[in-house]
Structures are given as C-alpha cells and as structure tokens.
Amino acid sequence: MSAEPIKFSGPSTEGGVMDNSMSAPLLDSMHLKPSEMLKKDDSLYGSLIDEYLPPCILVNMQNDIVHTSGHVSHFLSMPKGKISFNLFKMLSPQLSLVMQTALQRARKENAKVVFHNFNPEDGRENSLLHVTIQPVSNRNESGLIAIFFEVESESDLASTDRDFYRKASPRTRELEKELQLLQTKSQDIIEELESANEELLNYNQELQSSNEQLQAANEELLNVNLELQRKNHELTELNNDMDNFLFSTKIGTLFLDTDMRIRRFTPSATKLFHLINVDIGRPIHHITNQLKYQALFEDIEQVLSTSKTIEREIQSTGNRWYSMRILPYRTMENFIRGTVLTFVDITELKQAGKELEKLSYAIEQSPSMIMIMNIHGTIEYINPAFTKKTGHEIQDVLFRNVKDYLTENTASLSQVTEILHAIQNGKEWSGDLKNRRKQGDEWYWESCSILPIKNKDGEIIHYLKMSEDITEHKKTEELLRKSEMLSAVGELAAGIAHEIRNPLTALKGFVQLMKAQGGNEKYISIMLSEFTRIEHIINELLLLSKPKIINFQPQNLLLILNDVLLLIDTQAIMNQVHILTELEETLPLVNCVENQLKQVFINLLKNAIESMPDGGSICVTMKRLGDQSINIQIRDEGCGIPTDKLQRLGEPFFTTKEKGTGLGMMVSFNIIEGHKGKMLITSQENKGTTISIILPSI
C-alpha cells in the first residue's frame, strides 16, 4: 500500500482524426435550442464520464454512497435484509477491510491514498485492482470522499512480476487473513477499551455530579440555617411588637380558645372585665364584667359554630358605649382555634354622631337653599330645598364646578366673577342673584351668602352657599316702586292737566277763529294737529291721576276688537302693513270698560305699525283659554325690543320710540290690571314682538 498518484489511461486519436460517432452529436447540437442544448450536453457529459473515466463511488461522512459513475457493479453487491447504501455492506469482505483502512487514513491525513495490484478474488482471473481514495476538496468541509477503481490484467505485467504475484498469492492470502484476524481482535480490544473509557468517564461525571449535589445540599442547608435564624429573629421581634401593641392599644381585646378559656388580653380589657394575669386559662363565664349585655356567651358560641363575625353596639354600667366585635381566631392554615373579642369606646363618637345627625336633619329640612363646595370649587352637597327651587336634580349638580354652574344659570356675569374672586381669596360674599330655573326661561331671585368653612386650625376646608328665595319680595318691591311712582306721576299729571287744559282750550278757540277768518291754512292745520296731540297727552295724564269709579259692563270682545281693526286699517294700509286676523266667533262675554279696552288695542296696534317702517304683517288672534279666560295676541314683524329694555316697559316716561312718552304703555298696563287681567310681552330683535292679553270671562 503506497500513496502513489493515480494513473489514468484514456483514448487517443491517431493522426488527430476524431471519430465520426463523436462529431455527429456535436454537429447536431449546434442546431438545437439553448434548453435542449443543455440537456444534450448533460447527456453527452455523462456518456463521456461513463466511457472514458474509471468507475467512481462518492461517499459521505457516514460512508453512505451518494453517487456512482462508470461500471461499479463489478465491485458492489446488494446487501441482504434491510436496504442500505453503506459502502462496507455492499463491498466484498476482502475489499471492505482494505477500504475501511484506506478511508480512515484519507480522512485523517486529508490526502489521497492509493492501493496498487490488489487481487479482489471476485471470480475474475488474471486481473489486478488499483484503488484510489481522494477527498473531494483540500479542506473537505463537506466530508465527501471519491473512490476510483482501475482493473489491470496480468498480461499487462512483466513475466517476472506475474511469476512473483502468482507465487506470492497463497502466502499473501494467508497473511491477509491473519492480518484481518489481528485487526478484528484489535478492533474488539479498541472497542472494549473505548467502552471501558466511556464507563470511566460516566462514572467520573457521576462522581462530579454527586459532588456538586453535595455542595448544593450543603449550601442549601446553610441557607436554611440562615433562614431559620432570620425567622427566629423576626419571630422574636414580632412577639415584642405584639406585646407592645397589646399593652399600648386602647382597644380592649380578649383572646379565647375553643373552650372559651382566656388565652390573652390587653390592659384596656380590664376596664370591662375584672381580669388579672392569673386569670389566663380560666373560662370567660367565670369572670365578672361591667356590660349591659346578657347574650355575650351565646354570641361567642355562635361565632365558634358559624365562623361568622358579630358586631354590636353595647353599653357599660358606667353609661359608656362600646363597639363590640366577635371574630373567629384563624390560624395560618385557616383553622378556627378560638375567638377574638374587641371593644372600642365610641361614647364621644356616638355623641358626635347625634350632633351630626341633628345638623344633617336641620340642613336637609332647611327651607334655605344650601350648597357645599370644596376649596377647588367642586360642588359636593345640595339640600332638597335647592333641588326643589331650582328644578335641578342632585346628579345634575354634584361634582360640577361652581364656576360652570353659576355661569350657566346666573344672569349677572359680573356677580359670578365677584363670587369666584371671593372663593379664591377665602373671603365672604353676599348679595342678591337672579338665577334661571332648569325648566324654561323662568327666573327667580335669591339672597345669597357664601362663607368659608374652617377647621380647628383655621384652615379653609369647604365653602358654604346659603340662599333664600326673595322672588316675591322683589316683586313686592317692584310693585311698591311702581305704585309710588304712579302715585307721584298721577298727582303731577292731574296738576299739569288742569293747568294746561284751560289755556289750551283758549288757544284752540283762537286758532279755529283764525281759520274762519281765512288765515294760513297750512300753519293753522299744523297748530290744530299739535293741539290735538297735546289734548291726547293730557287725557292720558288724567288717567294717571286719582282713580275714578269705573262702571264695568258685560261686553263682546269680538265686536270691540273689530271696531278697532276697522278704525286702524286705514293707517295700516298707508304704512304698507297687512293685518291678518284669526278670531274665534263664539266667545263668552267679558266685564270691562269698552273705551278703555279700545284704547289698549289702539295703542298696541299703533306701536306694531310704527315698528315696521318698511311694511310687514300683523297677526291678531283671539281664542278661548279653558272656560275662564280669553287670550288676545298681537304679533308683528318689526325691529323688536332689546332684552334689557323689555323689563322696563310700563314704567312712566320710558319708551323705545324717538317721539314717544312711555305713557301709552303705562296706561295700557294699568287698564289691563284694572280689568284683573295680564299682559305678557316677548320680543326678539330684528324678528318681532308678541303681546298676549289674558282677560277673565264671565
């Protein structure tokens, strides 16, 4: 066996002439498509390898055959039993032994190994085998090995070589057999040594593992010891803490076992039970107590049997109140091992609770509206009077900020700013607020005071808003003011009317005389018109004077209103105003003064016409309201009245017109009030005004 280079023999071309059988396929391939040419080239390449290269076997690291080329069937045979591609199972025993040694050497040295002149003894006489084993690459990272077989007949050898090999063949076979036996024995010995070595390694590993386990167990024991020491220290501290807690707490506590024997007690428990240290272990019913409570022992037995806590408020013979709790004594394993009785003195708390209950009832039942806010302005409480008066439910107001609530419901934003400033600075605030109810646009007045609530250290903890409804009081004040004003205006009007009427009559007579004598018609007409206007003002002033005895008579409002509409229609047409009517024909009679109601209707219709200088429509409706009243409504499309001026309509000398005196509306209000009716005015700027008159029917 020697590592000599492999000698390849190949076909030669004599005289440089190529065989026609080879040139024909090459010429044909020149006319093929690329894909067909590749297939043709692969087939040609395989044919060339099989024809001109020696037989070859390619094996992997597991010695399994992965590829063959050439006529390798002379050297391989199918193994018996389960199909296998293992090289050694498919070679003859003699060749397998040589091949195994050669593969190990080739892989170890990563170099080519060659065997020359090997007699395979495969039945072919006069032939010798040359085997070449070579890694596929220099690094041989894939682990693939190529095995080439070359068969050479003995006729190719020299005569001396043939004689030598013929004579040496029997001895060689004997030596090979002995070598095979030795190799087999050595292989068995190697395997036994390897097995023993593996057992020793395993035993060594087990010893190391046992040593590590012993070290881990030792460390664990040390940790357990340290943990026990720490637990012991914690238990000592816990016992000390428990002792200090029991002696320092003001809660009377008794610990009883399942037989109701005393296990432990706190010093505060001696105020209710006559206990001393030697009483530990005695039954609880042997100990006298100062409780006005006869069912104590029955409740303890109930807790032991049901494991449910019992809570009661009991009184002592010294008239002090205690909150008693009887609880089951549970262990860490959740077993019941007795009961625990606690007694908390709640005498002061109970008294404070009664006082708080009184205050709570007082606030709840107070007729004043009460709101409580925290220091950030969040509303935390409102009483029933607040919800009743404002129409807001509790859930609508609670936890809202007082700024949002006041801004939404208070008429004067300047007052809201003052209130918020006072709250931010911890000051008091008081004044009258005009607020809106939740339903509709109804307003009410309240006298409001906002006070800071301070604790015993003088720190502000809450704010209190207390309000009283003064709507009726405001109405009374307004009526009194109007009454006083009307009284003063009436006296003034009576004096002015009497003083002006006499010279006015004389002046009017002279003007008529001048007209009869042919004076300037234009000037005389203007003077008579102004005198007529002055007489109208005087008549209105006289109505404001001392009340006269009025004779009410049953009248038909439909006839009165139709007379006024007929009278005012000409003025409406001149101002491009169209009057629409919707009058109910069958209406009850009304006790009234016909001329006064006509004056009211004329005043209102004239105001409606004057509010529409560019023309428009006036809608007049009259219908029954139930069985007791009649509603007359006059609606225009004029300029409207601002909200701030709407409330002042009816005041003496207040008007929204350039040439008005304000007496017409005041007289109209007085007439309707004299007829026990109501006059309501609603208006929107640039949209129009609606006046509703409600009069009682017969």
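The following legends describe close-up views of a predicted model.

View A. Helix α11 comprises 12 residues, 413-424. From first C-alpha to last, α11 reaches 17 Å, close to the 16 Å expected at 1.5 Å a residue. Its buried residues are Gln415, Val416, Ile419, Leu420, Ala422 and Ile423. They lie on the same side of α11, because the arc they cover around the axis is only 160 degrees. An α-helix has 3.6 residues a turn, so residues three or four places apart point the same way. Leu413, Thr417 and Gln424, on the other side of α11, are exposed.

View B. The elements covering the buried residues of α11 include α10 (402-409) and the strands β11 (369-374), β13 (429-436), β14 (443-454) and β15 (460-469). Just after α11, glycine 426 adopts a positive phi of about 65 degrees.

**View C. The pair of phenylalanine 255 and tyrosine 329.** The structure contains 4 aromatic pairs. In the pair formed by phenylalanine 255 and tyrosine 329, the ring centres are 6.4 Å apart and the planes stand at 85 degrees, so the arrangement is edge-to-face. Distant parts of the chain are linked here: phenylalanine 255 belongs to strand β6 (residues 252-256) and tyrosine 329 to strand β9 (residues 321-330), 74 residues apart. Phenylalanine 255 is buried, at a relative accessible area of 12%, whereas tyrosine 329 is partly exposed, at 25%.

**View D. Lysines over tryptophan rings.** Lysine 434 lies over the face of tryptophan 443, at 5.6 Å from the ring centre. Lysine 474 is placed over the face of tryptophan 445, at 4.6 Å from the centre of that ring.

Definitions and conventions
Residues numbered from 1 in each chain as written. Predicted model: local features only at pLDDT ≥ 70, side-chain atom pairs only at ≥ 80, totals over all residues. Heavy atoms only, no water. Helix = DSSP H or I, 4+ residues; strand = E, 2+ residues; numbered from the N terminus. Expected span 1.5 Å × (residues − 1). Buried < 20%, exposed > 50% of the residue type's maximum accessible area, 1.4 Å probe, protein only. Arc of directions from axis to C-beta. Contact = heavy atoms within 4.5 Å. Phe/Tyr/Trp six-rings, centres within 6.5 Å; stacked < 30°, edge-to-face > 60°. Lys NZ or Arg CZ within 6 Å of the ring centre and 35° of its normal.
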